Amino acid sequence: NVSKVEEKGRETRLRRALSDVELAKLIEGAPQYRGIAYITAARTGLRHGELALLKWGDVVFDSETPHLLARAGTTKNRKDSRIPLTRELEAALLAHKPDDAKPTDSVFPKGVPRARTLKQDLEQVGIPFCDEQGRYADFHSLRYSWATHLQRQGVNSRMAMELMRHS
């Protein structure tokens, strides 16, 4: 019986969401194969490891509501989840998908950028990795960007919680 450690007020790294302008600059300034990973993370809230395991069979374009399937075997909470695609992301993924892609092929065959690469891409386009308030724009910040996007779109908090895959 181990009690849970109280973490509130002890966060080691404060994060921030990227603004829409910053996100657009990052995607435009990064090589295409990294930009598509950034936009996918920022418009689905998928974590780094979940993105790395994403297959073309998990991306459903021919549905009334195009979506990604976050498979239970790849997610932190070990539950299947369907995440709707924004029009912007749907178009980007369709353009990125090879004509001969098999359902078992990785969506990101060159891998998902690591923190060091993201930091370099941010600095390349003039976005500070750490802002004047001491908040970082690391890879997990792309989940913050997803949450902010949902809020701006008027998604109610219960639905946003489900889309973020929080319990």
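User: Which residues of α1 meet which residues of α2?

Analyst: This is a predicted model. Helix α1 covers residues 20-29, and helix α2 covers residues 32-44. From α1 come Asp20, Leu23, Leu26 and Ile27. In α2 they meet Gly35, Tyr38, Ile39, Ala42 and Arg43.

User: How do the residues of this contact divide into nonpolar, polar and charged?

Analyst: Both helices contribute, with Leu23 among the residues of α1 and Ile39 among those of α2. The contact of α1 with α2 divides into six nonpolar, one polar and two charged.

User: Is α1 roughly parallel or antiparallel to α2?

Analyst: The two helices pack with their axes 8 Å apart, at an angle of about 155°. Angles over 145 degrees count as roughly antiparallel. Therefore α1, relative to α2, is roughly antiparallel.

User: What is the order of the strands in the open sheet?

Analyst: β1 pairs with β2 over two bridges, in the antiparallel sense. β2 pairs with β3 over four bridges, also antiparallel. The edge strands, β1 and β3, each pair on one side only. The order is β1-β2-β3.

User: Which residue in β3 is the bridge partner of Ala70?

Analyst: Strand β2 covers residues 67-70, and β3 covers residues 81-84. The partner of Ala70 in β3 is Ser81.

User: Which side chains of β3 are buried?

Analyst: Side chains alternate along this strand.

Notes. Residues are numbered from 1 along each chain as its sequence is written. This is a predicted model: local features need pLDDT of at least 70, side-chain atom pairs count only at pLDDT 80 or more; totals for chains, interfaces and linings use all residues. Side-chain values use heavy atoms; hydrogens and water are left out. Axes are lines fitted to C-alpha atoms, for helices over the stretch in contact, and angles run from 0 to 180 degrees between N-to-C directions. Angles under 35 degrees count as roughly parallel, over 145 as roughly antiparallel, 65 to 115 as roughly perpendicular and the rest as oblique. Contact means heavy atoms within 4.5 Å. Ala, Val, Leu, Ile, Met, Phe, Trp, Tyr, Cys and Pro count as nonpolar, Asp, Glu, Lys and Arg as charged, and the others, Gly among them, as polar. Buried means under 20% relative accessible area, exposed over 50%, partly exposed in between (1.4 Å probe, protein chains only). Two strands pair if DSSP finds at least two bridges between them.
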